[in-house]
Amino acid sequence: MVEHDRTGAGDPREELAARLRLLQGLSKRGVRALARDAGLSSSSLSRYLGGRTVPPWPAVIALCRLVQRDPRPLRPLWERASNPLPAPPKTSRQVPPPAPPAGAPRPPRNDLPRDVPDFTGREAELAAVLDGVAGSRVIALDGMAGVGKTCLAVHAAHRLAADYPDAQLYLDLHGFTEGRRPLDPDRALRTLLAALDVPSEKVPQDGGVEELAACWRSELAHLRAVVVLDNAADADQVRPLLPGAGPSVALVTSRNRLLGLDEVPPVSLDVLTEQESAELLARASGEADGPEGRLARDPASTAEVLRLCGRLPLALRLAAARLRHRPGWTVGILVERMAEGASEFDTAFAMSVRQLDRAKARLFRLLGLLPGSSFDEHVAAALADVPLRSARAMLEDLLDAHLVQQPAAGRYRLHDLVHQHARRATTEQDSPAERDRALTRVLDYYVHAAAAADAAMPFLSLSREASVDRPPVELPHFQDKIAALIWFGTEYLNLLAAFEAAEEAGADRHLCELPRFMRAYFARRCGTTMLNGLFERSLAAARRLDEPLQLAEAHSDLGFARYNAGRMAEASAAYEAATALVLRTGDIRAEAELTMRRGYLRWDEGYVEEPLGLFRLAGKLYADAGCPMGTAHATAYEAWALLQLGHREEAAQLARTALEIPHDDGAWPPTLTALITLGVAIAHEDPDEAVGHLHRALALAREDGHQHNEAWCLNCLGVALRQMGRHEEALASHEQAFALLDALFEDHWKIHFLSAYGETCRLAGLPDQALRLHRQALELAPKLGNRHAEALAHEGIAAVLDATDPAAAAEHRAAGRAALPESEPGV
């Protein structure tokens, strides 16, 4: 990511030029050397750096690639510089500023909880934190539960925000959250990288925590960010999360001293002094003004409140909240209520809970059963089995009583100590059957909500409806796929926690269904490693249920996860196990989905005739199941397979058929595949229509913001233009596709495009470049297990060598035939 430079912020051209000058500085090259290496003229580059001319977008990408920076953050600025808005007319009236244009850069991420207005004392500790980060950039705050570690860390982070403007991040590591496992470094790093909007394709999917930590440090190295890592269990948990080189800082809190972090200076917190405790109690209760307040009139009872609270900020605030909301109470009554408790913490918590009516007290207790770190009103409504409106009102009352916290609008959480109290209270007051029913309702909610979000993303999946128990009365409304993706991102850790809770509770049906509705989001945002682990455990649950359909779908889902991870042999074995079970169940939709997946696998294994038959069979099965979206999907892929076999007319006809199949407006992938297939198939016969179809597909991909599909469209446009003899345009289209892939840092995706690009280079009279591309494909294909691409690479090399080295060309053709399965024809 390119560092933010505030120079020229009022003029997009000047700001873009400033960013380009920053790139030049990173390159350590003069103008002439930089222009030469970027393929630009030095005079043009001088105009770009001086802000006199807006460079074309490929020039920006070329400069970014030289210094290994992602160009995408510069795109909105480049668009504004290329199309400047007209100056607003002068007026004597004040008018609100215009809304930011579409595509404007997002503001820096700020996850910090609210800074408490009654922050009291801690001058020495605050100074130690602020001075410490200036020297070591990492500070560890330790102390007993409720002593105010998080409060001080958040307060310090707010003080530091102006000096660290690129991001202010907060992550609860749950090191001491009762009923929850501490957040492992893998999940913590993925959450932090997602908070920085790091594209999933740049996040390592395999290789362990070390690679993720290196990616995290690399991203932070170019930012000025402050990160609060709250509630750490030990040094091993937090060590991979610390920043490396660069200016970013981290504040770590833990109940234990993190002795393993030798290089990190500690700041240990004790309880407040008596004076600070009295001041905090007065400020938090609203009794700070004048000598006539209740605290001043009864100093003995006030001293007893301070004693019962143990001079702990959390207990003091809970006691103050009761006093503030009970104007008829004396301090003596407060002492009597607090004295009924069993401990300093439980005294304050129980006293607050006793002020609630029965419904609110029941909700508070049940909140102790929630498996996630935060929750919304929908979860609370499902937990308590109450209407959404009632849940919302009760949460607001609990928020006023400081029994729940609100880290962000619409999101709630329990402080660790409050969570422990609620958990103990529900164990003591609610029957095991009631607790089981409440947890089941929460698990039901997450399955049905995930299913609803998954259904709002039809371009990613064809999932069936959820079948676990009864659906909640009210689910979130997902207006479109963007809303669904945001929900999945917000609930990511909660969904994983719900899966863990389901496994601990023996809720096998939830274990089977929850990953099924999460797979589309995970495949798009979270990679394959975790998804494989979830489906392994889901398969174990399906075996315990011993229901043929659940077991068949579990095998199929695990096979698809294996396939996406490149574990072809394991995927094949899983599909084989699923096939016999699916046929026994007679579920046509499940059979259709499995058939499509087997087609993808066989294609990558080097088969072409067999996948063609599988796609054709899947289309028929989807039609029999009454699923037009699935039929269009299968028909489009059948057309694509026919095109690879050289059956252009039949491929074009099938692609038109797929486009005519009615399906929901949001379900555009069958349309995308069919448009691409049709455009390439008719390139010879009707160039204008072909280009029109391919440009429509490209527009769809760009509308969705899916750059992998955009690259696919550009590459196929290059193939079609090559077939029309328009070699220069074809090369430009291929180059755009590969520029996108370079920007995404996804070299493995190039296996689908290298041979086509190489063939275009050969026919355009660029044999050396063609050989380089085909040899790159030949090196990559065996690593990915893509035998068809391997055979294509051999054939491409042979075509280039025919004129200069016929013997070597013959050897490559023989190797290409050997790369394919024996039952398949040559390329």
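The model is a predicted one.

- Strands β3 (residues 167-172) and β4 (residues 225-232) run parallel and are joined by six bridges.
- Within this pairing, Tyr170 has Val228 of β4 as its bridge partner.
- In general, the strands of a sheet pair through backbone hydrogen bonds, in either a parallel or an antiparallel manner.

**Gln168 in strand β3**

- Gln168 is located in strand β3.
- With a relative accessible area of 6%, Gln168 is buried, since the cut-off for that class is under 20%.
- The side chain of Gln168 makes a polar contact of 3.1 Å with the side chain of Asn110.
- Neighbours within four places in sequence aside, the contacts of Gln168 are Arg109, Asn110, Asp111, Leu112, Ala161 and Val226.

**Helix α8 and its ends**

- Because nine of its eleven residues are buried, α8 is largely enclosed by the rest of the structure.
- The buried residues are Pro185, Arg187, Ala188, Leu189, Arg190, Thr191, Leu192, Leu193 and Ala195.
- At the start of α8, a side-chain oxygen of Asp184 comes to within 3.0 Å of the backbone nitrogen of Asp186.
- Just after α8, Asp197 adopts a positive phi of about 60 degrees.

**Packing of helices α17 and α19**

- The axes of α17 (residues 358-367) and α19 (residues 388-400) come within 10 Å and cross at roughly 80 degrees.
- On the α17 side, the contact is formed by Ala359, Lys360, Leu363, Phe364 and Leu367, which meet Met394, Leu395, Asp397 and Leu398 of α19.
- By class, this contact comprises seven nonpolar, no polar and two charged residues.
- An α-helix has 3.6 residues a turn, so residues three or four places apart point the same way.

**The antiparallel hairpin**

- Strands β7 (residues 405-408) and β8 (residues 411-413) run antiparallel and are joined by two bridges.
- The bridge partner of Gln405 is Arg413 in β8.
- Two residues lie between the strands of this hairpin, in which Gly410 takes a positive phi near 80 degrees.

**Two further buried helix residues**

- Ala319 is found in helix α14 (residues 313-324), and at 0% relative accessibility Ala319 counts as buried.
- Ala319 and Leu308 are eleven residues apart along the chain, and their C-alpha atoms are separated by 9.6 Å.
- Gln723 is placed in helix α34 (residues 707-723) and is buried, with a relative accessible area of 16%.
- Apart from neighbours within four places in sequence, Gln723 is in contact with Arg648, Val680, Ala683 and His684.

Methods:
Residues are numbered from 1 along each chain as its sequence is written. This is a predicted model: local features need pLDDT of at least 70, side-chain atom pairs count only at pLDDT 80 or more; totals for chains, interfaces and linings use all residues. Side-chain values use heavy atoms; hydrogens and water are left out. Axes are lines fitted to C-alpha atoms, for helices over the stretch in contact, and angles run from 0 to 180 degrees between N-to-C directions. Helices (H or I, at least four residues) and strands (E, at least two) are DSSP runs, numbered from the N terminus. Contact means heavy atoms within 4.5 Å. Ala, Val, Leu, Ile, Met, Phe, Trp, Tyr, Cys and Pro count as nonpolar, Asp, Glu, Lys and Arg as charged, and the others, Gly among them, as polar. Two strands pair if DSSP finds at least two bridges between them. Buried means under 20% relative accessible area, exposed over 50%, partly exposed in between (1.4 Å probe, protein chains only). A polar contact is a pair of N or O atoms within 3.5 Å; within protein, one must be able to donate a hydrogen and the other to accept it, and residues adjacent in sequence count only if both atoms are side-chain atoms.
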